[in-house]
Amino acid sequence: MSGSYRDLEAGGANKNNMAPIRNSNRNYYYAAPTTSTTASHLYHSESTWTSWLVPIFVLANSLVFIVAMYINDCPNKNSAMRVRGHCVATFLGRFSFQPLSENPLFGPSSITLTKMGALQWDSVVNHHQGWRLITCIWLHAGVIHLAANMLSLVFIGIRLEQQFGFVRIGIIYLLSGFGGSVLSSLFIRNNISVGASGALFGLLGAMLSELITNWTIYTNKAAALVSLLVIIVINLAIGILPHVDNFAHIGGFLTGFLLGFIFLPRPQYGWLEQQRLPSGVRFKSKYKAYQYALWLISLVLLIVGLLIALVMLFRGDNGYDHCHWCHYLTCVPTSKWKCNDS
């Protein structure tokens with residue numbers, strides 16, 4: 001059984017080459033890091049909430065990874081199974097990492113990840129383990145994978161939570177991760193998949209729809225839109241490398257994009273006046289007609305899209321039967337590599 005690791009990295013363009021890692025008859029793969037942004041240039045109002053949910057998400061992901069390493073217990077299990085290769089950082093005891101020939105991201109084995117809830121089509125559809133659509137969001141393939149995604153969550157999520165509060169950002173994060181898992185399961189059958197980047201792409205999608213629906217209250221609109229689109233395109237483009245679960249990225253992005261129109265609109269009339277009036281003075285503010293239209297259209301598309309995708313998934317449909325060219329969304333074959341689902 002093979003696996004795709006979802007990855008999104010904050011900061012500079014640190015692009016490592018993709019490489020398959022093998023262990024006896026079990027193949028699984030990891031994704032190269034991508035780039036992100038803080039998005040602070042998009043906002044002009046003062047922060048009104050203290051960010052605490054995003055730090056809790058970071059802590060929860062980190063604790064889950066520690067538990068995974070404890071369960072993995074590389075020294076004892078590798079010795080019992082007579083696995084070739086030496087565990088890495090053996091001074092950590094049972095928390096030491098799998099051999100680099102098996103997992104170069106410094107993490108547990110695919111067996112451990114599967115046991116703890118990695119996304120696996122057969123388990124979800126044939127064994128009715130739908131909970132894997134959620135648990136895979138909290139699992140990471142290694143220290144590098146975890147650090148890249150958590151840095152992105154801090155840079156993107158904290159600013160959004162300060163602007164819009166923990167309830168809305170928490171809903172967008174979780175539903176985007178779920179949407180990414182659903183789309184991934186429709187197309188990827190022979191791999192396991194873990195990682196929070198579907199949820200992180202959802203936050204990027206929500207940033208884009210928030211900019212669109214609140215267009216009139218921003219200065220430097222064009223610069224903000226272009227910079228955000230460039231970042232999104234770069235991240236999605238890196239996903240076409242082999243063994244990257246780009247369907248989770250796309251599913252998370254589309255879910256977050258629709259959720260942004262639903263949860264992140266700001267009142268437009270009176271917004272600029274609010275900045276000029278003395279404190280305590282009331283002003284009239286309301287939403288524009290196009291914001292209501294975008295809210296309704298997005299809500300309908302989100303509900304209908306998720307329902308159709310879930311029905312197709314649990315009916316056992318293969319996404320490629322309905323979209324023959326969709327394999328190009330996750331891997332483009334070149335002279336350097338071939339694309340397949342194994």
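Me: Contact here means heavy atoms within 4.5 Å. Which residues of α8 do I169, I172, Y173, S176 and G177 in α7 meet?

Reply: This is a predicted model, in which local features need pLDDT of at least 70, side-chain atom pairs count only at pLDDT 80 or more, and totals for chains, interfaces and linings use all residues. Residues are numbered from 1 along each chain as its sequence is written, and side-chain values use heavy atoms, with hydrogens and water left out. Helices (H or I, at least four residues) and strands (E, at least two) are DSSP runs, numbered from the N terminus. The α8 residues that these five in α7 meet are G198, A199, L200, G202, L203 and A206.

Me: How do the residues of the contact of α7 with α8 divide by class?

Reply: Ala, Val, Leu, Ile, Met, Phe, Trp, Tyr, Cys and Pro count as nonpolar, Asp, Glu, Lys and Arg as charged, and the others, Gly among them, as polar. The contact of α7 with α8 then divides into seven nonpolar, four polar and no charged.

Me: How do α7 and α8 lie relative to each other?

Reply: Axes are lines fitted to C-alpha atoms, for helices over the stretch in contact, with angles from 0 to 180 degrees between N-to-C directions. Helix α7 (residues 166–187) and α8 pack with axes 7 Å apart, at about 125 degrees. Angles under 35 degrees count as roughly parallel, over 145 as roughly antiparallel, 65 to 115 as roughly perpendicular and the rest as oblique. The two helices are therefore oblique.

Me: Which residue in β5 stands opposite L119?

Reply: Strand β4 (residues 119–120) runs antiparallel to β5, and two bridges join them; strands pair if DSSP finds at least two bridges between them. In a regular strand, side chains alternate between the two faces of the sheet. In β5 (residues 191–194), I192 and V194 point one way and N191 and S193 the other. The residue opposite L119 is S193.

Me: Is D73 buried or exposed?

Reply: D73 lies in the loop between α1 (53–72) and α2 (74–81), with a positive phi near 45 degrees. Buried means under 20% relative accessible area, exposed over 50%, and partly exposed in between (1.4 Å probe, protein chains only). Because its relative accessibility is 7%, D73 counts as buried.

Me: What is the phi of H128?

Reply: H128 is in the loop between α4 (121–125) and α5 (132–135), and it is exposed, with a relative accessible area of 67%. Most residues other than glycine have a negative phi. H128 is not a glycine, yet its phi is positive, at about 55 degrees.

Me: How far apart in space are L259 and I172, C-alpha to C-alpha?

Reply: L259 sits in helix α10 (residues 246–263) and is buried, at 1% relative accessible area. Leaving aside neighbours within four places in sequence, its contacts include I171, I172, L175 and S176. L259 and I172 are 87 residues apart in sequence, and their C-alpha distance is 6.3 Å.
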